[in-house]
Amino acid sequence: MGSAVRRYGLFIDGKEMDSVSGKTFMRENPATEEPFAEIAEAQREDVDRAVKAAKLAFEKWPHLPPRERSKFIYRLAETLDKNKDKIALTNTLETGKPIRESRVVEIGNSVRTLEYYAGAATKLNGESMSISDDLLTITLREPVGVAAHIIPWNFPLLLSFWKIGAALAAGCTIVLKPATDTPCGILEFARLAAEAGLPDGVFNVIPGRGSIAGQALIEHPDISKIAFTGSTEVGKGVMNTASQSIKRVSLELGGKAPCIVFDDAEIEEAVEANLRGGFFNQGENCTAVTRLLLHENIYAKFLSSYIDRVKKIRIDDPTKEETEMGSLVSRAQFESVKSYFEKGVEEGAKVLHGGGRPKKFSKGYFFEPTVLADVKPTSTVACDEIFGPIVAVIPFKTEEEAIRISNDTIYGLAGGIWTQNLKRALRMAKAVKAGYLWVNTYGGIIPETPYGGFKQSGIGKELGTEGLEMYLETKAVNIYLGDKTPRWYKG
Ligand code: NAP
Ligand code: MG
């Protein structure tokens, strides 16, 4: 995997460039711990240049006929699809995730999202209301303005395209700040988007620190809307900053998804789906099943089959096609996951598998798929978002108990329900306080469906038509059709 260090600039107004200060930062490949890329680091003045470019582009982009915007978005989907092998490799080298997940999941679903929003661009219709014979009201849907997109490192491409698709369809222009750990894939896409003819300034990318470039971006007076995906902690600060000038804000934050398996579930299917639920993307996944609730009648049977399969997960060099689990994204994430594991053991959980770096690796931030059983619902590993491959298994006896445990968290992003009893499935779906649920399956967020969290997992939705709403203002225009203005003043 060792090769020359790559170089990336900021991407502003259709061109790649250095930061004004000339500052750069290094990114290592987390699977090899070797230097991978040197990237220009945006400071406040670079953020300002990017926002200016986006503001200028906003003078034209929303005025293109929707059909033309739709064609541009579709062209971006084609460009991404044509270059999927190259960008997937970059994505794998900077995140540590398996190449198959980069290509099929990140890029495959990014293409699908762009295609969905290419279609949506031509369907932004307002309403008309006949208030009385003399008064007709129409509503106009207008793009909110320049959008700031702040992206985490776990799905650097997919989470960007969820936002990019909706913003471009609505007529907004974009300044995107990728996570410091994962700026390279989206910068490569920016180069390709310019080659594909996307007008200058419509899409700008400013890699840099959250506390510097991110903060400058969300404070910028010419930003009208912030779409943020990241931790609940940083999200609270974003909301606070947005409040200073009442910027529109949508937040996709942390999660602590429960997956509830009843004793009438198809066990082998549930085992299969929960492997993905817990360990897909190395568990660095906001919808990861981190609380696996098993009914006491099937507790032992489920775990025996589950552990058997967990042991067979292929953890290896993420660039290999057959690899099923790669490395965590960074040393910091590895240390954090390891300390959660230790805390779990300290608090009495039983280790069924995993707990550290597999012995076959001498470097790289690889962490075994880890299963902790008999976890108390109030313990740290059952409450905190770990964002790594640790599944906490919790037994339950009754439906009421499963609901209580599931909802006893500050989060409410996602969850799973396994039962063949339709009435119980629907009762549970209504009772679980989370924004995105799966019944008798787990994982896969579909562009047509609205996605977003309850409680401290966020505000607003991404994807679907609701995702588009987040980039639109509604203007009501009242049109008087009578002959004479009604008289109020008598003189
Ligand atoms: P994070 O630490 O909150 O960072 C997210 C992004 O915000 C990064 O680009 C970060 O830049 C930037 N940032 C940090 N401080 C900022 C500030 N003051 N102003 C503006 N931007 C700032 O999250 P992460 O560690 O990258 O990702 C993991 C978290 O994301 C988890 O909590 C996970 O649950 C959440 N997540 C949620 C969803 C969802 O859909 N709900 C999806 C994926 C991930 P730096 O990289 O420079 O710190
Ligand atoms: Mg972080």
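How far is an oxygen atom of ligand 1 from an N or O atom in the side chain of Trp-153? I looked this up in a predicted model, where local features need pLDDT of at least 70, side-chain atom pairs count only at pLDDT 80 or more, and totals for chains, interfaces and linings use all residues. Residues are numbered from 1 along each chain as written, ligands are numbered from 1 in written order, and side-chain values use heavy atoms without hydrogens or water.

I read 3.0 Å for the Trp-153 pair, a polar contact (N or O atoms within 3.5 Å). I also found a ligand 1 oxygen 2.8 Å from a polar backbone atom of Gly-210, and one 3.4 Å from a polar backbone atom of Gly-230.

I noted that the protein covers 86% of the 910 Å² accessible area that ligand 1 has on its own (Shrake-Rupley, 1.4 Å probe).

I then listed the shell. There are 29 residues around ligand 1, with Thr-180, Gly-210, Ser-231, Leu-253 and Glu-385 coming nearest (a heavy atom within 4 Å counts as near). Helix H7 (210–219) and strand E11 (225–229) each give two or more residues, and H7 gives the most, four (DSSP runs, helices at least four residues, strands at least two).

Ligand 1 lies between domain 1 (6–253 + 453–476) and domain 2 (257–439), because both give residues to its shell; the bounds come from an automatic or database assignment.

Conventions: Polar contact = N/O pair within 3.5 Å; in protein donor to acceptor, adjacent residues only side chain to side chain.
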